[in-house]
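Subject: Handing over a structure

Dear colleague,

I am passing on the structure below, and after it you will find an account of what turned up in it. Please keep it open beside the text as you read.

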Amino acid sequence: MKIAFLNLCHCDPDLVARAAGKLGKNENFHMYIHVDQKTSEAPFREKTRDLPNVFFVRNRKKVYWGGFHAIEATIELMREALESREAYDYFLLLQNLDYPIKSNREIEAFFRKHQGKEFIRACRIGGSRDRHFQEKYKLYHQFDDDFYLRSHSQAGKLFHDLKKVIRSVPWFTFSGMIKEGGNTYPLYYGAAQWALTRDCVRYILDFYDSHPGFNQVMRHIKFPDEEYFHTIVHNSEFKYRCLKYDEPERRWLVNWRNLHYFEYPKEITVFEEKDFEKLMGREELFCRKVRTGVSDRLLDKIDERTEE
């Protein structure tokens, strides 16, 4: 069972190297790393230089929180891993501050048991009457707007907000149904972390390359990493390979956890040593979030418990 762990990174190279080193003890587990182009790649390369199963993406993107560039960076990770000489069975998305809470043996056994299944839960929000979901697509969002992100002046922020209001006018009637090439794709929503089979990843890359209209709409959806891949998969035959599909509409990301355990009261919880027993009792394979300097004792205990 060969698995490519796709890691979107921008900080904490020590944690990234620690996770890569732990997973890399299985020769069939490889980590592909995309470092935000706004961040120096050097510390990540230095920390992982002795790890043979680590590979860095060549075509880096500037990633902004909530923006479509995160989708483009993930596409580069998927493409790099798929086009490598390794025939990976699964591709699992990580986001920098994630860490395995199961042993490599348990992770491999899990995917062998569920081989051929897709792990990307989602609910349909296209056509929703819930304003919480409508706000994701009935307003014009552009978190990748360089002018706004570089500007810390009040005038710059007001300009950005005014532009957003003006550009949102034609979106007020958008129902969350993307139409292209005679097909209609209702939007789906779920957690950003997922694990997909080789065939599904190939399908997504082909879809990305051949659906510019779909991509253009998605550039202005709020937090597209919670909708882009989910919408593609759940509008395809691959949805029937998901452990769950056609699930009812529900708010909040914690309802859509796949293989990551996270808590999201007001913002995502950073786990500490006091959370050890709780995490060890979870069925998920990874936890999110942990940080070097905050979670060190927790990570030591996890490593000790899951040592093979």
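Leu-6 stands opposite Tyr-32 in strand E2, and this pair belongs to the 7 bridges that join strand E1 (residues 3–9) to E2 (residues 29–35), two strands that run parallel. Helices here are DSSP runs of H or I with at least four residues and strands are runs of E with at least two, numbered from the N terminus, while two strands count as paired if DSSP finds at least two bridges between them.

Before going further, please note that this is a predicted model, in which local features need pLDDT of at least 70 and side-chain atom pairs count only at pLDDT 80 or more, whereas totals for chains, interfaces and linings use all residues. Residues are numbered from 1 along each chain as its sequence is written, and side-chain values use heavy atoms, with hydrogens and water left out.

As a whole, the chain has 12 helices and 12 strands. Its radius of gyration (taken over C-alpha atoms) is 19 Å, close to the 19 Å that the globule rule (2.2 Å times the number of residues to the power 0.38) gives for 308 residues, so the chain is as compact as a globular protein of that length. The C-alpha trace spans about 55 × 45 × 40 Å along its principal axes.

E1 and E2 are part of an open sheet of 5 strands in the order E3-E2-E1-E4-E10, with mixed pairing. Strand E3 (54–56) and strand E10 (195–197) stand at the edges with a single partner strand each, so one side of each has no neighbour in the sheet. From one strand to the next, the twist averages 25°. Helix H3 lies across E1, E2, E3 and strand E4 (90–94), running at about 150° to E1, and helix H4 (residues 104–113) lies across E1, E2, E4 and E10, at about 95° to E2. Contact means heavy atoms within 4.5 Å; axes are lines fitted to C-alpha atoms, for helices over the stretch in contact, and angles run from 0 to 180 degrees between N-to-C directions.

H3 (residues 69–82) also meets helix H8 (residues 198–210), their axes coming within 10 Å and crossing at roughly 125°. The contact divides into 7 nonpolar, no polar and 5 charged residues, where Ala, Val, Leu, Ile, Met, Phe, Trp, Tyr, Cys and Pro count as nonpolar, Asp, Glu, Lys and Arg as charged, and the others, Gly among them, as polar.

An open sheet of 3 strands has the order E5-E12-E11, again with mixed pairing. Strands E5 (98–100) and E11 (260–261) are its edges. E11 is joined by 2 bridges to E12 (residues 286–288), the two running parallel, and His-260 has Phe-286 in E12 as its bridge partner. Helix H1 (residues 13–23) lies across E5 and E12, at about 25° to E5.

Two backbone details remain. A cis peptide bond, with omega about 15°, joins Arg-288 and Lys-289, and Lys-289 is found in the loop between E12 and helix H12 (296–305). Asn-96, in the loop between E4 and E5, has a positive phi of about 70° although it is not a glycine.
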